[in-house]
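Please open the model in your viewer and keep the sequence panel beside it.

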Amino acid sequence: MVTVALVDVVKQYDAMEEVTLIGYKHGPALNHVTLEIASGETLSVVGPSGCGKSTLLKVVAGLEYANAGHVYYDSYDMSEIKPQDRGVGMVFQDYALYPTMKGKGNLAYYFEQHDRSEQDMEARVQQVADRLGVDFQLLLGRLPDTLSGGEKQRVAIARCIVRDPVVFLMDEPIVNLDAKRREKTRIEIKKLLRQFSITTLYVTHDQQEAIFMGDRIAVMRSGHIEQVGTFDELYYTPANLFVATFIGTPPIAIVPVNLAGMEIRSGETTWPLPPILADYHLAGPARLGVRPADWILGREDGMELEIRHIERIPTEQAAFIHGMLPGDIPVTALAPLDIPDRPMVKVTPDWERVILFEPEGERVLHTPGVPDLFE
Ligand SMILES: Nc1ncnc2c1ncn2[C@@H]1O[C@H](COP(=O)(O)OP(=O)(O)OP(=O)(O)O)[C@@H](O)[C@H]1O
């Protein structure tokens, strides 16, 4: 197990230096990335398509070189270390198993290639298979073509584990599985990561998966790491509007407001400035972030929300109201399951729970902080 650190890493692909046909010039795929993944930790990496997630993995693996900056495994600078000597296990969405070899052959291949003895191989394969359980052992006797997607991925992961990797790099490993298998396989992968405590970078576009897999989550945008933290930290204390809107489903509502004197106004609605915001002595435009659970419904001082759709979730005894505020501002608000169908409802932010951003959204003016569940 090692601690992996990236320090001020820049990666600019050659093709990116050219101005594209529509005249847009790309920034670097990694733009001064500094990041540390603790020994044995799983860090999930999320962000929109093209933000640099896969490039991050490739630079850590040594499959792409960095134009600037350094990658360290513990205190060792890996710049001169070839990918095959880094002790990295990589798992991708396409399992890349050798199709003519049974599960065991796939696990053993590395030992053959590295002139390791048969006993060595048998002992290690057995050791890993024992830890993975009886049902995994059955997979060892089968050809990849006869395995389900989830089973193939388990063999692919076991193939990495027998090589004793110091770092695991996983790039959307379960994206190709159907929903039911994804659920099952992600539980298995999580179990494996716990059992073997290997430092892991786990790339996914799926927020739920990122939360489930990661001890912490890194949110990327355009080659930058916007924020790294636990889900609660990202959710309650986002670094900026991008993180706030990226994390949380259904998403946070963003409402333009104006602060003047002891009032806060949105469109036609004016509220007295809530005490929680008063201390900041703010004035002028800002943006208010309100999570679905943080709207109070039906209060006289609320804004009129035009209801477009009520999504009932009987298992949660709740419903989501999806609607629009004046000015076409989309809002989702949590409501009781038995909320009657109607065209409008008044909504007031729970001021104790709101997040306030400066108008460009790059800076946060106020957050409620991470709640203490044991208070
Ligand atoms: N080999 C390459 N040559 C030139 N540009 C590349 C190359 N690989 C990636 N890029 C560009 O680098 C940027 C980051 O790509 P990357 O694949 O790391 O993003 P990603 O976040 O993994 O995307 P996705 O979620 O769609 O897989 C993108 O603009 C992409 O077009």
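This is a predicted model: local features need pLDDT of at least 70, side-chain atom pairs count only at pLDDT 80 or more; totals for chains, interfaces and linings use all residues.

**The whole chain**

Residues are numbered from 1 along each chain as its sequence is written.

Taken along the principal axes, the C-alpha atoms of the protein chain fill a box of roughly 75 × 50 × 50 Å. Of its 375 residues, 35% count as buried, where buried means that 20 or more other C-beta atoms lie within 10 Å of the residue's own, exposed means 12 or fewer, and partly exposed lies in between, with C-beta atoms placed from the backbone. Among contacts in the protein chain with a separation of 6 or more, 67% come from residues 24 or more positions apart; two residues are in contact if their C-beta atoms, placed from the backbone, lie within 7 Å.

**Helix α3**

Select residues 118-132 next. The 15 residues of helix α3 should span 21 Å at 1.5 Å a residue, and its end C-alpha atoms are 21 Å apart, which agrees; the expected span is 1.5 Å times one less than the number of residues. Colour V125, V128, A129 and L132, which are buried in α3. Seen down the axis of α3, its buried residues fall within an arc of 100°, so they line one face of the helix; the arc is that of the directions from the helix axis to the C-beta atoms. On the other side of α3, Q119, D120, A123, Q127 and D130 are exposed. The cover over the buried residues of α3 includes α2 (103-113), α4 (134-139) and α5 (149-161). After α3 comes G133, whose phi is positive, near 100°.

**From α2 to α3**

The axes of α2 and α3 come within 10 Å and cross at roughly 130°, where axes are lines fitted to C-alpha atoms, for helices over the stretch in contact, and angles run from 0 to 180 degrees between N-to-C directions. That makes α2 oblique to α3; angles under 35 degrees count as roughly parallel, over 145 as roughly antiparallel, 65 to 115 as roughly perpendicular and the rest as oblique. To see where they meet, show K104, L107, A108 and F111 in α2 with D120, M121 and V125 in α3. In the loop between these two helices, α2 and α3, is D115, which has a positive phi of about 50° although it is not a glycine. D115 counts as exposed because it has 7 C-beta neighbours inside 10 Å.

**Helix α5 and its partner**

Move on to α5, where 12 of its 13 residues are buried. What covers those buried residues of α5 includes β6 (88-91), α2, α3, α4, β7 (167-171) and α6. With helix α6 (residues 179-196), α5 packs at an angle of about 15°, their axes being 10 Å apart, and that makes α5 roughly parallel to α6. The contact is made by G149, G150, Q153, R154, I157 and I161 of α5 and R181, K184, T185, E188, I189, L192 and F196 of α6.

**A last loop**

Finish at P250, in the loop between α9 (241-246) and β11 (253-260), where a cis peptide bond joins T249 and P250, with omega about -10°.

Notes
Helices (H or I, at least four residues) and strands (E, at least two) are DSSP runs, numbered from the N terminus.
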